[in-house]
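This briefing goes through a two-chain model by topic. Please keep the sequence and coordinates open while reading.

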Amino acid sequence: MNTFSYLKQFAPEKGNIIKGLQEIQQREGYLSKEALDRCADFFNIAPAEVEGVVTFYSQFKRVKPGRYRISVCDGTACHIKGTPLILDWISTDLGIGDGETDADGLFSLETVACLGCCSLAPVLSINGEIFGNLNRKSTLRILKRFKKAGVSNAD
Amino acid sequence: MRINEIRVGVSSCGLAAGAQDVLNRLKERTDVPVLGVGCIGHCYAEPLVEVLTDAGALMFGNIQAKTKDIDALLSLSPEKQLHNRSERTDKENLRITGMIGKSEPVDIDAYISFGGFDGLKKALTRSPQSVVDEVKQSQLRGRGGGGFTTGVKWSLLAAKASNEKVIICNADEGDPGAFMDRSLMESLPYQVLEGMLIAAHATGATSLYIYCRAEYPLAIRNIRTAIDQLRQRKLNVIGNKVLDIEVKEGAGAFVCGEETALIHSLEGKRGMPRFRPPYPTDSGYHGLPSMISNVETFANVPVILRDGATSFSSIGTKGGRGTKLFALAGDVKYPGLVEVPMGITLGEIIYEIGGAEPGSVKAVQTGGPSGGCIPASLFDTPVDYDSLNSLGAIMGSGGLIVIGNNRCMVETARYFLDFTHRESCGKCTFCRIGAKRMFETLERITAGHGVMDDIEFLEDMGKKVKAGSLCGLGATAPNPVLATLRYFRSEFEAHVVERQCPALECAALCDVIINKAQCTECKLCLKNCALNAISEDYVVDNDICTRCNSCIESCAQDAIARVTAGEGFRGSVAKEVG
């Protein structure tokens, strides 16, 4: 059983709850029910309050993401440069919509507010690696590269 | 010419374009010092490399980690050299960002050698009151969008008789399309911290926090390294007090840019705003007197102390003093980070610095989702707080998104409302429900089901949401719609009355056709259509087509185009007629 022992690096006070949740998500990829219970226990606050914080902030994920997390930037600059089309192309190629993970657990797709690389718009990031100046061709090429990497690194 | 030093821009956008590989390759290839520096600002040509030679500095752009590019660079071949953008350099005035690109961002000795901490040193020789007065005299106004006079805020905190006072740097740059604060933190972390230390001296603050959005990992890393360096050098000791500086990460909520929401988030709560008063300077973080200012505001402070308030306020207009950073993006040739004196016109920024073709631009969106669009006909407006307000837009934090002629303004307004209604924290009814109803109405219009009453509803509800919301998010959320209605009403009417999208952007209001005269029947479009909407004889069935543009992007002949709805072929209609 996961005891989330690494929470001990934080002082057990309420102000650190967001830090704690971020640390768990960083390590586990998402926030499970056990993780939330452990947080409530550790930071000594009501489970409902933890739930309240988790649902308020869009960074926190309650479902396990795919191995490759695709974040398509939908900031203003990217949006007017074609984010809706890019989402469409990725959805068609991978068969998943915004906020979904594919059946193999390889890719998950989400839109994010702004990655701050507006001069390279449109932009997406996969596990933090940023790809800019996208068009249909380069988007599909990037997906292909990660599909290939996913197959050769299969557990 | 002998090469003395090479500088590669390795901020987020440089890295996204491949600057890290370039830096590594250059280090392998040459013995001269190769530095990874901050954002040089010419983001349109990333990765950027500056080469210092005996005969001066040369700037190279679009350098990839390929042998060909590296060879060209090391032989100083003019091929990859950035053409002299003198239009840009003439208009810019780099007072805040003057040190960017000269050294590695976290190299404290380099920062000091370029005159860093001079402002702090000067401040520490003076009484707190005289530092507050200096900032007041400079007429610096908050750069985060509020535009409140910084010196007045400082004097409010300074007047509090409390043993503990808090200063918070608001680095929750949630405005999609803005990256000024990210650039400052990544490239000039010491200058931001120096500004905070000066503020601490002037106001007697004991704890300093930086609330940064989690989406900026490099900014967070650089700021944290810089804080460690400050501690090692004991630069965080003001008088006999050791100041505690801490970075806290946000978790993805736009509303946390609002100061009371930000405080709640720092305390580990849901980031919901509360009624003011009490203002944070009376009761803020954990009830302590607190002052919240934006990253760029703090970055201005060392410059004011170093050069004096008079020098600072000699730039700009009555409606805004000093220089302002803008994140220029969208439909311009040269997007990037620019620093210009207040009072410059929008046209100078967009056409001369941004290199947009006159006539190709429809409007510019200032202030992101809280701001409004300004049509090209008003581009001679000077950029300062008051002038932009009078047009129904706002200065905001400095995002400038240029909207080209081929974009639909109704869709742009829909986009902003989509963002704000989702980011509404839900506390105020008008923001929670009103903004959602406005968004739904805009969805209906872009889907081709709008009626004239919808336009009136948008105007009416927009005013009510503005009046009935507690914080800046709700009070400004309708701005993009109201400004668009003010300047581009005819586009709304075209959607509603004629069921047309003049820019051919709204998918429901256009068809796709293949121009047989240009088509070479190469099958590329057939292969690229995931829905088999194109027949063997090259006709698009618009009943099946989702307007994903895959065929248009794949066509080498430019034979496929969007047209007004009704002009394309529809299988169902053909069946009925046949």
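B:Arg499 is found in the loop between helix 22 (489-496) and strand 18 (510-514) of chain B, where helices (H or I, at least four residues) and strands (E, at least two) are DSSP runs numbered from the N terminus. The model is predicted: local features need pLDDT of at least 70, side-chain atom pairs count only at pLDDT 80 or more, and totals for chains, interfaces and linings use all residues. Residues are numbered from 1 along each chain as its sequence is written, while chains are lettered from A and ligands numbered from 1 in the order in which they are written.

**Backbone features in loops**

- B:Arg499 is not a glycine, yet it has a positive phi of about 55 degrees.
- With 15 other C-beta atoms within 10 Å, B:Arg499 is partly exposed; a residue is buried if 20 or more other C-beta atoms lie within 10 Å of its own, exposed if 12 or fewer, and partly exposed in between, with C-beta atoms placed from the backbone.
- A:Asn127 also is a residue other than glycine with a positive phi, near 45 degrees.
- The loop that holds A:Asn127 runs between strand 3 (124-126) and strand 4 (129-131) of chain A.
- A:Asn127 counts as exposed because it has 12 C-beta neighbours inside 10 Å.
- The loop between helix 12 (259-266) and strand 10 (290-294) of chain B contains B:Pro277, and B:Pro278 lies in the loop between helix 12 and strand 10 of chain B.
- A cis peptide bond leads from B:Arg276 to B:Pro277, with omega near 0 degrees.
- The peptide bond from B:Pro277 to B:Pro278 is cis, with omega near 5 degrees.

**Chain B overall**

- Chain B contains 25 helices and 19 strands.
- The C-alpha trace of chain B spans about 90 × 65 × 40 Å along its principal axes.
- Buried residues make up 56% of the 578 residues of chain B.
- Of the contacts in chain B between residues at least 6 apart in sequence, 72% join residues at least 24 apart; two residues are in contact if their C-beta atoms, placed from the backbone, lie within 7 Å.

**Domains**

- Chain B is divided into domain 1 (3-84), domain 2 (108-310), domain 3 (317-404), domain 4 (409-496) and domain 5 (507-577), with bounds that come from an automatic or database domain assignment.
- Between the C-alpha centres of domain 2 and domain 5 of chain B there are 55 Å.
- Chain A is split into domain 1 (5-56) and domain 2 (68-152).
- The centres of domain 1 of chain A and domain 2 of chain A, taken over C-alpha atoms, are separated by 29 Å.

**Nonpolar cores**

- The largest nonpolar core has 211 residues, and those with the most contacts inside it are A:Val123, B:Val192, B:Met196, B:Ala199, B:Ala327, B:Ile349 and B:Val364; such a core is a set of buried Ala, Val, Leu, Ile, Met, Phe, Trp, Tyr and Cys residues joined through C-beta atoms within 7 Å.
- Helix 10 (residues 189-203) of chain B gives the most to this core, nine residues.
- A second, separate core has twelve residues, among them B:Ile514, B:Tyr538, B:Cys551 and B:Ile560.
- B:Val192 is placed in helix 10 of chain B and counts as buried, because it has 27 C-beta neighbours inside 10 Å.
- Leaving out residues up to four places away in sequence, B:Val192 touches B:Cys169, B:Leu184, B:Met185, B:Val295, B:Phe298 and B:Ala299.
- B:Val192 and B:Val295 are 103 residues apart along the chain, and their C-alpha atoms are separated by 6.4 Å.
- With residues up to four places away in sequence not counted, B:Val364 touches residues including B:Leu346, B:Ile350, B:Cys373 and B:Ile403.

**Helix 17 of chain B**

- Helix 17 (residues 409-423) of chain B has 15 residues and should span 21 Å at 1.5 Å a residue, which agrees with the 21 Å between its end C-alpha atoms; the expected span is 1.5 Å times one less than the number of residues.
- Of the 15 residues of helix 17 of chain B, 13 are buried, so the helix is largely enclosed by the rest of the structure.

**Interface of chains A and B**

- In this interface, 37 residues of chain A are in contact with 44 residues of chain B.
- On the side of chain A that touches chain B, the elements that give two or more residues are helix 1 (17-28), helix 3 (47-56), helix 4 (76-80) and helix 5 (83-94) of chain A.
- The residues of that side of chain A divide into 20 nonpolar, 14 polar and three charged; Ala, Val, Leu, Ile, Met, Phe, Trp, Tyr, Cys and Pro count as nonpolar, Asp, Glu, Lys and Arg as charged, and the others, Gly among them, as polar.
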